[in-house]
Amino acid sequence: MSNAIRYDSLLVRELARALNDAFAGARLDGIWLDRDRLRLTLLTRPRRRGAPAPSLLWQLHPNSGHLTAAPGDPAGARVQLAERTVIRSVAAPPDERIIVFELDAEASAGMPRRLVVELITNQWNAVVVGGDGRIAAVLRERQARERTLKPGAAWTAPRPSGRPGAIAPLSLESWQKALGPVAPGERLAALPRLAALASPQNAAWILGDADTSDNPAALQRAWERYSALVHGAPPRPLLLQEDGRWQPYVAAPSADAAGDGFASLLDAFTAAAERAEAAPAGGVSTEEALDAVARRMENVHKRLARLTEEESGAAQDARRLRTLGDILLSQLHVVKRGMAEVQLYDFEGTPVIIQLDPALTPADNATRLYDTARKRERAAARIPELLARARRELASLEALAGRIREGTADAGEVEKLQRGQAAQGKGASPPLLPYREYRTTRGLEVRVGRGSKANDDLTFRHSSPSDIWLHARDVAGAHVILRWADKDANPPAADLHEAAVLAALHSRARTSGTVPVDWTRRKYVRKPRKAGPGLVIPERVRTLFVEPDEALEERMREP
């Protein structure tokens, strides 16, 4: 589902070399950090008159990682630079997924002297460091264990890998000593731990038959391939197609590696970005997803403003109408049928003009005022709940935007927003989703399947691996998904209980006094081959006992 680039230390090393060839000596015209879309943009001036100015657009969203060395329009916050700043060099520390742009700047110690692009796991980041060693700007502010990545904090490099071969090349003896004791069949998994620049992306090619054979000659041939790749001639740039995505990578010059060859690694990265843009993951790009969320949030903000205004006016208007009814009833003797308005006096002697319906009697006009006051009172009573729902929806949208930026949102969430917005533009109702939506008291989203086929669609296409899956035990019923992004902690007990009540209500046990409801992470639910619609096998199951409560369901129902 993702077109994301995979970075290992070998690819980062070669990418740093390619960037050094393209940018070393160039005068830096600007650095832009787009925090909404997690993009880094560099613009430089030509090194000689008439030559093109190299530039760089780096998409550091976890679902992207694409890099394009081509002119573009910068976006986001521009980092203040010294009047004359030159990119001195670009390099990667040995066996690390970090690229460092060293800057020469005629400025004070606080001005940018270094740009660090961190490509570790999926917490990619860009950090601008001043001459005093403190962070001047950062793409993604966060606390990363002992590292604080915020402006003003001292920048410290991530812990080094410490793998053998990072500083000095691995000798054949060291290679045999490290891998010889590892049993064939286990070497593929062990190699990335035992040798610098090795990774799951290149381990199979490096090992060859040494992964399955204990022949010392096979292990020596593997060392020769390893040495050629990491210590020999510059590797050959490639663009590979893996699992439906385009992956720039490198191969040893003598390697018989399948893939499109390119003159430079930057060309391979640019080609990967172009092909990914032509066929974005899940049919929805990150920018499109964020735009859809932003449009919906704008509508919710407008609804909140309208409801807030109505909340302050509805109760006041109800009191005014009821007072007018009281005044009219107290002075019916001066009001005649057929009058369109009448001037009376309130209980403090102040004249008041009351509008009337000429077709009604004076008493019926008073009743009409009371009836209208009661409607206003009922509206005023409903507004707090409508406000609460709108605020919960806004919080949910903000959380969704965060998941999109982090790369943990599923395609169904964004597709739902886009379908709804497209249908509203045409004046039609959005297509029916395979689930009903609810909100827990604390604001977590709960999805309830609409039937057996919809259950499969909900569980396997409209949920994330860390979500909570629930189902009433041993009876037919709906699959229920409690949206939960934290893979390391369970949701609050109150939210889990409310989701379990929905699972009980949407099952054949809904009339029972107490219903056992099984729950587990959605990633532990699998569908056997040839199983019928809605039939799944959950693992690592826990059980809650709840009472079906229709009143709770009504309170949880989405507006």
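**Entry 1: helix α5**

I began at the start of α5, where a side-chain oxygen of Asn215 comes to within 2.9 Å of the backbone nitrogen of Ala217. I am working on a predicted model, in which local features need pLDDT of at least 70 and side-chain atom pairs count only at pLDDT 80 or more, while totals for chains, interfaces and linings use all residues. Residues are numbered from 1 along each chain as its sequence is written, and side-chain values use heavy atoms, with hydrogens and water left out.

I took helices (H or I, at least four residues) and strands (E, at least two) as DSSP runs, numbered from the N terminus. Helix α5 covers residues 216-231, 16 residues in all, and reaches 22 Å from its first C-alpha to its last, close to the 22 Å expected at 1.5 Å a residue. The expected span is 1.5 Å times one less than the number of residues.

I listed the buried residues of α5: Ala218, Leu219, Ala222, Tyr226, Ser227, Leu229 and Val230. Buried means under 20% relative accessible area, exposed over 50%, and partly exposed in between (1.4 Å probe, protein chains only). The buried residues of α5 pack against α1, α2 (172-179), α3 (187-194), α4 (203-207) and β14 (245-251). Contact here means heavy atoms within 4.5 Å.

**Entry 2: Tyr226**

I then looked at Tyr226, which is found in α5. Tyr226 counts as buried because its relative accessibility is 0%. The side chain of Tyr226 reaches the backbone oxygen of Ala196 at 2.6 Å. I count a polar contact as a pair of N or O atoms within 3.5 Å; within protein, one must be able to donate a hydrogen and the other to accept it, and residues adjacent in sequence count only if both atoms are side-chain atoms.

With neighbours within four places in sequence set aside, Tyr226 is in contact with Leu170, Trp175, Ala195, Ala196, Ile206 and His231. I also checked Leu207, which is 19 residues from Tyr226 in sequence and 8.1 Å from it in space, C-alpha to C-alpha.

I followed the pairing next; two strands pair if DSSP finds at least two bridges between them. Strand β1 (residues 27-34) and β2 run antiparallel and are joined by 7 bridges, with Ile31 having Leu42 of β2 as its bridge partner. The two strands form a hairpin with 4 residues between them, and Leu38 in the turn has a positive phi of about 55°.

On to β3 (residues 55-59), which pairs with β2 in the antiparallel sense over 5 bridges. Arg39 stands opposite Gln59 in β3. Strand β2 (residues 39-45) has 6 of its 7 residues buried, so β2 is largely enclosed by the rest of the structure.

**Entry 3: Thr68**

I found Thr68 in strand β4 (residues 67-68). Thr68 counts as buried because its relative accessibility is 19%. Apart from neighbours within four places in sequence, Thr68 is in contact with Ser55, Leu56, Leu57, Thr270 and Ala273.

**Entry 4: nonpolar cores**

I take a nonpolar core as a set of buried Ala, Val, Leu, Ile, Met, Phe, Trp, Tyr and Cys residues joined through side-chain atoms within 4.5 Å. The largest has 68 residues, and Trp58, Ile99 and Phe101 have the most contacts inside it. Helix α1 (residues 9-23) gives the largest share of this core, 8 residues.

Beyond its neighbours within four places in sequence, Trp58 has contacts that include Tyr7, Leu15, Leu19, Arg39, Ile99 and Val117. A second, separate core of 26 residues includes Ala472, Leu482, Ala509 and Val517.

**Entry 5: the six-stranded sheet**

I traced an open sheet of 6 strands in the order β18-β19-β21-β20-β22-β25, with antiparallel pairing. At its edges stand β18 (435-439) and β25 (542-546), each with a single partner strand, so one side of each is left without a neighbour in the sheet.

Strands β20 (residues 468-472) and β22 (residues 515-521) run antiparallel and are joined by 5 bridges. The bridge partner of Ala472 in β22 is Val517.

For the protein I counted 12 helices and 25 strands. Of its 559 residues, 45% count as buried.
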